[in-house]
Amino acid sequence: MERVVACLSIILFILIQAIDVCVGFQSSCNFQRRLQNPMLHASETNGDNGDDGSLALARALKQAEDREVEQLSSLGIKKPWYLEYNQKLPFDCTACGKCCQTKGNVYMSPEEIQKAAKVIEISVEDFIDEYASLILDSDDDNNDASDKKSSSPWIQLRNNDKGSCVFLGSDNLCKIYEARPSQCSTYPFWTSIMSSKDAWNAEVRKPDSEPVSNNYAPYWTPEGGGCEGMKKITFTISEQRSNELNYEGVDPNEAYKRLKVYERDEQRSNRHVKAKRVSTRPSMKQIQTNWGKNSKAESWDNL
């Protein structure tokens, strides 16, 4: 009898240990899934707390970016040059508005469209009608443009008559600053600019107040772009290690996170793929302005 009890005890102990291992493995798998897929983590944590889904996704993405920075060294991955230098990147926005006047295209995500439409108090459909020059098509050829507007697609913004961003105000400030695209909020921490110290320095522009004789950097132009709020990086690794320099600017870890946001949205938008459907029609506001106040053009069906 004692042997039977002893055997049962051993079997029970083994079963308990096996259950603990399975539970621990499942928890580890769930953690890895959330780490690799921030959207899954956002949907699982959103629950019934009343938070907007896009805000939960943004929080999850930020947490994933924080973990990525922390894991670079532990995974044996070579850090980018600016993390190796461990100096602040010399950038301070001057609010000159010139980056908004540089020739180029600006793209908005579905989440950004919804936020911007809310800021200026119009519907998403009216926002796309008024401000989109291109509608970036998805891989689904069965969706027409009206379906995309109802589901809020990626868009390319129009430019104003001067070729600047349509949301640049007369005071050189953004009219939708709190909902501006990530392409704007992450500048100058873009892939091309952050690829090397030389690439960073090439983006630097001297203010208009600087004399021509100052060869520090070229002036800003709409075609050439660049940023007057950036300064050239001249320090070397030995200077950094001796703490002889202490640039004022943006923490390199923060710069890395902004870069990852830019790269993530660049991949999401497929902005380098030609849009399948082009929004070439003018807005209803433009039509009514051109045809006069007595125009009967109240909807596209009347044109």
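The points below go from the whole protein to its parts.

The model is predicted. The protein has 303 residues, and 35% of them count as buried. Its secondary structure comes to 12 helices and four strands.

**Whole protein**

**Strands E2 and E3**
- Strand E2 covers residues 132-136 and is mostly covered, with five of its five residues buried.
- Strand E3, residues 154-157, pairs with E2 in the antiparallel sense, and the pairing runs over four bridges.
- Within this pairing, leucine 136 has tryptophan 154 of E3 as its bridge partner.
- In general, the side chains of a regular strand alternate between the two faces of the sheet.

**Largest pocket**
- The volume of the largest pocket is about 960 Å³.
- Its lining consists of 44 residues.
- Cys99, Cys100, Gln183, Cys184 and Tyr187 are the lining residues that lie nearest the centre of the pocket.
- Helix H8, made up of residues 182-185, gives the most to this lining, with three residues.
- Sorted by class, the lining has 21 nonpolar, 15 polar and eight charged residues.
- As a general point, empty space is found by rolling a probe the size of a water molecule over the atoms.

Conventions: Residues are numbered from 1 along each chain as its sequence is written. This is a predicted model: local features need pLDDT of at least 70, side-chain atom pairs count only at pLDDT 80 or more; totals for chains, interfaces and linings use all residues. Side-chain values use heavy atoms; hydrogens and water are left out. Buried means under 20% relative accessible area, exposed over 50%, partly exposed in between (1.4 Å probe, protein chains only). Helices (H or I, at least four residues) and strands (E, at least two) are DSSP runs, numbered from the N terminus. Two strands pair if DSSP finds at least two bridges between them. On a 1 Å grid over the protein atoms alone, a cavity is a set of points where a 1.4 Å probe fits but cannot get out, and a pocket is an open set with protein on both sides within 12 Å along at least five of seven lines; lining residues have an atom within 4 Å of a point. Grid points are joined across faces, edges and corners, and a volume is the space filled by probe spheres set on the points. Ala, Val, Leu, Ile, Met, Phe, Trp, Tyr, Cys and Pro count as nonpolar, Asp, Glu, Lys and Arg as charged, and the others, Gly among them, as polar.
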